[in-house]
Amino acid sequence: MDVNAHLDAALQRLHDEGRYRTFIDIEREKGNFPHAMWRKPDGSQQPVTVWCGNDYLGMGQQACVLEAMHEALDATGAGSGGTRNISGTTVYHKRLEAELADLHAKEAALLFTSAYIANDATLSTLPKLFPGLVILSDGLNHASMIEGIRRNGGAKAIFKHNDLDDLRAKLRAIPANTPKLIAFESIYSMDGDFGPIEAILDIADEFGALTYIDEVHAVGMYGPRGAGIAERDGLMDRIDIINGTLAKAYGVMGGYIAASAKMCDAIRSYAPGFIFTTSLPPAVAAGAAASVAFLKTAEGQKLRDAHQTQAKILKTRIKMMGLPVTDHGSHIVPVHVGDPVKCKMLSDRLLEDHGIYVQPINFPTVPRGTERLRFTPSPVHGPLEMDALVSALDDLWSHCALNRADIAV
């Protein structure tokens, strides 16, 4: 077998389709986010403004987070030294799990190295705990949820995105005494639309189903203490398992589930993705705990309010230009392009000509024909940064002769 020929062909297919992904080498500037330095392939440097980061609230540079990380680093050193079962559980990991359990008003929380692993490990383990379990999954669930459900060896049913009638019909087709779980998200990250949480919970009650919600793009940013959409809507107590991340609004790294003590204990005891993975470094756990605690406070609410304001301003200004922005009322700002080559070209021109970094979003992250630029405004994107972005988009959309009238709502 000609290994190189196969690899060349696979990579060339991505180039031909215009969706080969390029890493942009940037160096964030502490205290100056969203500004960063782009290190070009030729070795030169150019200042850029990051418009596609997931550090939604700028917590990656928050003083209390950095102080907590420095303290833990000085006290314990770099790594955890093992899995959670073998020397890798420290006071910092336990403190973080306590903060997360308190955040979601659950008995316990279980920490993973990422929200992807938390979803994959939990959803792939649940059929071991509930033999015969059928998982009903929203059609636009994240890849980590899909992978966990695919690998679990149990039965599954995919219901149309946010379609309550389809969900109910699929539940009716399952015998009443069969264990069931509904898996869905609170905010779907590519379009920014909300899941109908209360209605899904009502259906779950009607059919005796467990519920699993991914709040990755909501934790830290919604609710009076930042616990997400379910907290905002007063629904956390009705959800069995809540998944969240520490790598977006909390500005650090890691993922988790929050649930009953028995549920967390069972996942801890059976999930290979938890059992056999080295735990997060203590300094990372310490920084995440400080971030979660900070965003529970009134100061955290100020950041959430500022974040929502910036997102509304940006969407309003993009709409006023007639660009095809999707607006479901969340903080996510997707601008539709619909062609992978043009999407990549727009991204390249924004970076090279305007010092604006936004990564193109192509298949398989989104369906073919729905390629987009996805902007993530934050409280630290000020008027100057927004003016520069709007001006650059206006110029490039005209230059590329893209349709300004195809507004998605």
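Guide: A residue is called buried when its relative accessible area is under 20%, exposed when that area is over 50%, and partly exposed in between. Please note that this is a predicted model.

Visitor: Why is His307 called buried?
Guide: The relative accessible area of His307 is 0%; the cut-off for the term is under 20%, and His307 is therefore buried. His307 lies in helix H12, which spans residues 298-320.

Visitor: Which residues are in contact with His307, leaving aside its neighbours within four places in sequence?
Guide: With those neighbours set aside, His307 touches Tyr56, Leu57, Met221, His331, Pro377, Ser378 and Pro379. Contact here requires heavy atoms within 4.5 Å.

Visitor: What makes H3 and H11 roughly parallel?
Guide: Helix H3 (residues 91-103) and helix H11 (residues 282-295) have axes that cross at roughly 25° and come within 8 Å. Angles under 35 degrees count as roughly parallel, and H3 and H11 therefore receive that description. Their crossing is left-handed.

Visitor: Why are H2 and H11 called roughly antiparallel?
Guide: Helix H2 (residues 63-76) packs against H11 at an angle of about 150°, the two axes being 8 Å apart. The term roughly antiparallel applies to angles over 145 degrees, so it describes H2 and H11. The crossing of H2 with H11 is right-handed.

Visitor: Which residues form the contact between H2 and H11?
Guide: On the H2 side are Cys64, Val65, Ala68, Met69, Ala72, Leu73 and Thr76; on the H11 side are Pro282, Ala283, Val284, Ala286, Gly287, Ala290, Ser291 and Phe294. The classes in this contact of H2 with H11 are 12 nonpolar, 3 polar and no charged residues.

Visitor: How many disulfides does the structure hold?
Guide: The structure holds 0 disulfides. A pair of cysteine sulfur atoms would have to lie within 2.5 Å to be counted.

Visitor: Is Cys343 buried or exposed?
Guide: Cys343 has a relative accessibility of 0%, which is under 20%, and therefore counts as buried. Cys64, by contrast, has a relative accessible area of 25%, between the cut-offs of 20% and 50%, so Cys64 is partly exposed.

Visitor: What makes the backbone of Ser87 worth a remark?
Guide: Phi of Ser87 is near 70°, which is a positive value in a residue other than glycine. Ser87 is placed in the loop between H2 and H3. Its relative accessible area of 55% is over 50%, so Ser87 is exposed.

Visitor: What is the phi of Asn162?
Guide: Phi of Asn162 is near 55°, again a positive value in a residue other than glycine. Asn162 sits in the loop between strand S6 (155-159) and H6. With a relative accessible area of 23%, which falls between 20% and 50%, Asn162 is partly exposed.

Visitor: Why is Asn177 called exposed?
Guide: Asn177 has a relative accessible area of 70%, and the term requires over 50%, so Asn177 is exposed. Asn177 belongs to the loop between helix H6 (164-172) and strand S7 (180-185). Asn177 and Phe207, 30 residues apart in sequence, are 9.6 Å apart in space from C-alpha to C-alpha.

Visitor: Where are Pro34 and Asn32?
Guide: Pro34 is in the loop between strand S1 (26-28) and strand S2 (35-39), and Asn32 lies in the loop between S1 and S2. The peptide bond from Phe33 to Pro34 is cis, with omega near 20°. Asn32 has a relative accessibility of 32%, between 20% and 50%, and therefore counts as partly exposed.

Visitor: What is the omega of the peptide bond from Phe363 to Pro364?
Guide: Omega is near 10° for the bond from Phe363 to Pro364, and this peptide bond is cis. Pro364 lies in the loop between strand S15 (360-361) and strand S16 (372-375).

Technical notes:
Residues are numbered from 1 along each chain as its sequence is written. This is a predicted model: local features need pLDDT of at least 70, side-chain atom pairs count only at pLDDT 80 or more; totals for chains, interfaces and linings use all residues. Side-chain values use heavy atoms; hydrogens and water are left out. Axes are lines fitted to C-alpha atoms, for helices over the stretch in contact, and angles run from 0 to 180 degrees between N-to-C directions. Helices (H or I, at least four residues) and strands (E, at least two) are DSSP runs, numbered from the N terminus. Angles under 35 degrees count as roughly parallel, over 145 as roughly antiparallel, 65 to 115 as roughly perpendicular and the rest as oblique. A crossing is left-handed if the near helix is turned anticlockwise from the far one by less than a right angle, and right-handed if clockwise. Buried means under 20% relative accessible area, exposed over 50%, partly exposed in between (1.4 Å probe, protein chains only). Ala, Val, Leu, Ile, Met, Phe, Trp, Tyr, Cys and Pro count as nonpolar, Asp, Glu, Lys and Arg as charged, and the others, Gly among them, as polar.
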